[in-house]
Every structure is written in structure tokens, then in C-alpha cells.
Amino acid sequence: MIHDSPHLTIKDQNLLNRFLKRFSIDAEADKDHLISALSAAFSCIPYENLTKIIKSGSMVSPSSAMRYPDELISDYLKWGTGGTCFSLTAAIISVFNALGIEAHPVLANRHYGVDTHCGLVIVQSGTIKLLDPGYLLFVPTTVYHDKVSTVNTGTNTIELRPVSGGQKLELYTVYRGNRKLRLVYKIAPVDSFTFAKAWESSFAWEMMNYPVITSRVEGAQKYLQNKTLSLFSENGSKRISLSREEQMMCIAKEFAIDSQIINRAFLEIKKNGISTPTRPG
């Protein structure tokens, strides 16, 4: 067993089999094929904080509100929900590890804080590959110590630039000529305790006061933050302001999340009071 902590393992074998069946993935396929197929499968699961808002409202502490891999995958199959960077990263690692693929969490610093983001590295045949569900990076991308890696996502280019002798990795996005530094990974994997502490801290972030949902389908990205829906394609972008009712309909239509989840999340947001966002989640 590569990881044995509960937040990095999937316990229910039947649930794992249902997930694999959903995406027609053969667990006996070779590792290269499995890595690609599993990465593509998780790209279908939305980044969303509705489930995090709902659960944090019903639990007494952040640690009890963390959605472990079994819960995230079960909810996806039932409601079409996903998770935020920590729960998605944990779920991906758990499935990879269950199929004998070595994967570990890594933490990253964003402009507003240390260890405020995460991704995972896959170790295979002497190479390290990076995935980041929070940035919709679902193409396993080789990490080099001395040269830049780039990925064309269909809407932008993600650039991974090693710094500090390859111990850190800067992520830039390039969209229509606009290049921007988004975060810095610490490429050494962290243990489960350190990962869990960073995950718990995420419950205090401002993004818990409004919906943040994003996904990329066939090269086009949809990004909802509070009352603004942004649509990105290789040809340009469009921003649409939404009323509360339009927000709820948009989430159901554009992200295929069950209306029961949407209603529960908006009730929780209303109870807490919506603030005006000053930074992305």
C-alpha cells in the first residue's frame, strides 16, 4: 500500500469498480494506458465548492468536513458533483494507488498564502509527472529539473518552469499572449499529515462564501465565480453577469450538478451571508 491514511485511500472496492466501469477503464491495462485513462476520467469531474460549503455547514470542525475519496467519488456518480483541489487531489491519488500507480500529494504557494494549493505527482519509470485538478491540468506532464514543460489545454497554455534547482516549479498560464504566474509548487511530496493540515486550513478561505465551479470540455473552459460566468475558448472569452436564479440554473445546465445539491448549497450560503469576492479560490 502506497498511502494508508484514510484521506488518501479508497475503501470501497465496489465503488472503485463502478467508477472504472463508468469510464470503461480496464484495471488490468498497462500502467501508461491506465494513467492516461484515469487522468481523462477525472477531467470529467468538476472543480466545485458547493459540496464543501454544504458539509462545512453541518460539521463542527474542518477535519470532520473533509470529503474523503469514497465520498467524493460516490457523490460524483450520484449527483454529478466534484470537489476542490484538496479533495480532488486526494481522490485521484487514492484511485491511482489502488491500481498500483505510485502517486503523492504536493503543495503549492499562491499569492495569498503558503500551502494554499495542491496537486499530485506520479512516479513512473524514473520520471515524475504532474497533475493539478484545481488548474484543470489533466494531461500527465513530465517535470524536469532543468527545462520548461508546456501543455496546450485548448483554451490556454500551461507552462511549468523549474526554479531553485528543480526543487520548485512555477506554473504560468498563457492566454492570447497574456502570460501570468499563478503559483509555485514545492515538488517534493508531502506526507499525509502535512497534506491534511493544509486541507483543513482551506476551510477558512473566503471562497467558502460563494460558488466557484469550473470545468473544461472539448477545449472550452467554463468558470463560474459568484455571480459571473466566464467562458473561454481559443478564439476569445466572454463574461456573463447572473442573478441568483440564473446562477442556480447555470450550475445545473452548464456543470450538470443535481439541483438538490445546488439548492442546499445556496441555502447554506444565504445563511452565512455572501461577501464580495476579492480573490479567486
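Okay, quick bit of bookkeeping before we start: when I sort residues by class, Ala, Val, Leu, Ile, Met, Phe, Trp, Tyr, Cys and Pro count as nonpolar, Asp, Glu, Lys and Arg as charged, and the others, Gly among them, as polar. And keep in mind that what you're looking at is a predicted model.

Searching the whole structure for cavities of 30 Å³ or more turns up two. The largest cavity comes out at about 60 Å³. What lines it? Around the largest cavity we have Glu 48, Thr 51 and Lys 52, then Ala 65, Met 66 and Arg 67, then Gly 83, Thr 84 and Ser 87, and finally Trp 199 and Phe 203. Sort that lining by class and you get four nonpolar, four polar and three charged residues.

I'm picking the second largest pocket, with a volume of about 190 Å³. Its lining takes in Ser 43, Cys 44, Pro 46, Tyr 76 and Gly 80, plus Ser 215, Arg 216 and Val 217, plus Glu 254, Phe 255 and Ala 256. Two elements, β10 (212-217) and α8 (244-255), each give two or more residues to that lining. β10 gives the most, with three residues. By class, this pocket's lining has six nonpolar, three polar and two charged residues.

On to helix packing. Helix α1, residues 13-22, packs on helix α5, residues 69-79, at an angle of about 45°, and their axes are 10 Å apart. So α1 and α5 are oblique to each other, and their crossing is left-handed. From α1, the contact uses Leu 15, Arg 18, Phe 19 and Arg 22, and from α5 it uses Asp 70, Ile 73, Ser 74, Tyr 76 and Leu 77. That contact has five nonpolar, one polar and three charged residues.

How do α6 and α7 run relative to each other? Phe 86, Ser 87, Thr 89 and Ala 90 of α6 meet Phe 195, Ala 198 and Trp 199 of α7. In this contact there are five nonpolar, two polar and no charged residues.

Technical notes:
Residues are numbered from 1 along each chain as its sequence is written. This is a predicted model: local features need pLDDT of at least 70, side-chain atom pairs count only at pLDDT 80 or more; totals for chains, interfaces and linings use all residues. Side-chain values use heavy atoms; hydrogens and water are left out. On a 1 Å grid over the protein atoms alone, a cavity is a set of points where a 1.4 Å probe fits but cannot get out, and a pocket is an open set with protein on both sides within 12 Å along at least five of seven lines; lining residues have an atom within 4 Å of a point. Grid points are joined across faces, edges and corners, and a volume is the space filled by probe spheres set on the points. Helices (H or I, at least four residues) and strands (E, at least two) are DSSP runs, numbered from the N terminus. Axes are lines fitted to C-alpha atoms, for helices over the stretch in contact, and angles run from 0 to 180 degrees between N-to-C directions. Angles under 35 degrees count as roughly parallel, over 145 as roughly antiparallel, 65 to 115 as roughly perpendicular and the rest as oblique. A crossing is left-handed if the near helix is turned anticlockwise from the far one by less than a right angle, and right-handed if clockwise. Contact means heavy atoms within 4.5 Å.
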